[in-house]
Amino acid sequence: MATTPDGVITGYGVGAGNENDRPLADTFLWQRTIPQPELASVGRPGSGIYLADAGFAGREAAARWLELGAQVLASPQPDSGVRWPRRLQRWHRQHRQIVET
């Protein structure tokens, strides 16, 4: 799901609960760059900045999405050895919470 900073939905996609989220995100972000009538629910590109949970973290995925004009800020996976400063962690959680509630 993509939203404005205030939480207004600008696009969404659905998939099976047992699917890997990254390929779904690939399709979602690609479709936002080249809108197709068959997948109108994905909407149009917004600011290009997307907040995501740790399931979307990873250098390869981030680079791929950046090529599509999407800067995905995903919290680091717990076992990655990467730690965000507390201030960034708090900011990320607060802004994702707008969408998740």
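Predicted model: local features only at pLDDT ≥ 70, side-chain atom pairs only at ≥ 80, totals over all residues.
Which element gives the largest share of the lining of the second largest pocket? That share comes from α2, with three residues.

Two elements, α2 (59–67) and β4 (71–74), supply at least two lining residues each. By class, the lining of this second pocket splits into nine nonpolar residues, four polar and one charged.

Now turn to the largest pocket. Rolling a probe the size of a water molecule over the atoms shows where empty space is left. The volume of the largest pocket is about 1,200 Å³. Its lining is made up of 40 residues. Met1, Ala2, Phe28, Tyr50 and Leu51 are the ones nearest its centre. The lining of the largest pocket holds 21 nonpolar, 13 polar and six charged residues.

Helix α3 spans residues 86–100, and His92 sits in it. Is His92 buried or exposed? It counts as buried, because its relative accessibility is 3%, where the cut-off for buried is under 20%. A polar atom of the His92 side chain lies 3.2 Å from the backbone oxygen of Ala52. Leaving aside residues up to four places away in sequence, His92 touches Leu51, Ala52, Leu73, Ala74, Ser75 and Trp84. Two of these names have come up before.

The last stop is the aromatic rings. How many aromatic pairs does a search of the whole structure find? The search finds one. The partners are Phe56 and Trp65, with ring centres 6.2 Å apart. Their planes stand at 55°, so the pair is tilted. An angle over 60 degrees would be needed for edge-to-face, and one under 30 for stacked. Phe56 and Trp65 are both buried.

Definitions and conventions: Residues numbered from 1 in each chain as written. Heavy atoms only, no water. Helix = DSSP H or I, 4+ residues; strand = E, 2+ residues; numbered from the N terminus. Buried < 20%, exposed > 50% of the residue type's maximum accessible area, 1.4 Å probe, protein only. Polar contact = N/O pair within 3.5 Å; in protein donor to acceptor, adjacent residues only side chain to side chain. Contact = heavy atoms within 4.5 Å. 1 Å grid on protein atoms, 1.4 Å probe; cavity = no way out; pocket = protein on both sides within 12 Å on 5 of 7 lines; lining within 4 Å. Points joined across faces, edges and corners; volume = space filled by probe spheres on them. Nonpolar A, V, L, I, M, F, W, Y, C, P; charged D, E, K, R; others polar. Phe/Tyr/Trp six-rings, centres within 6.5 Å; stacked < 30°, edge-to-face > 60°.
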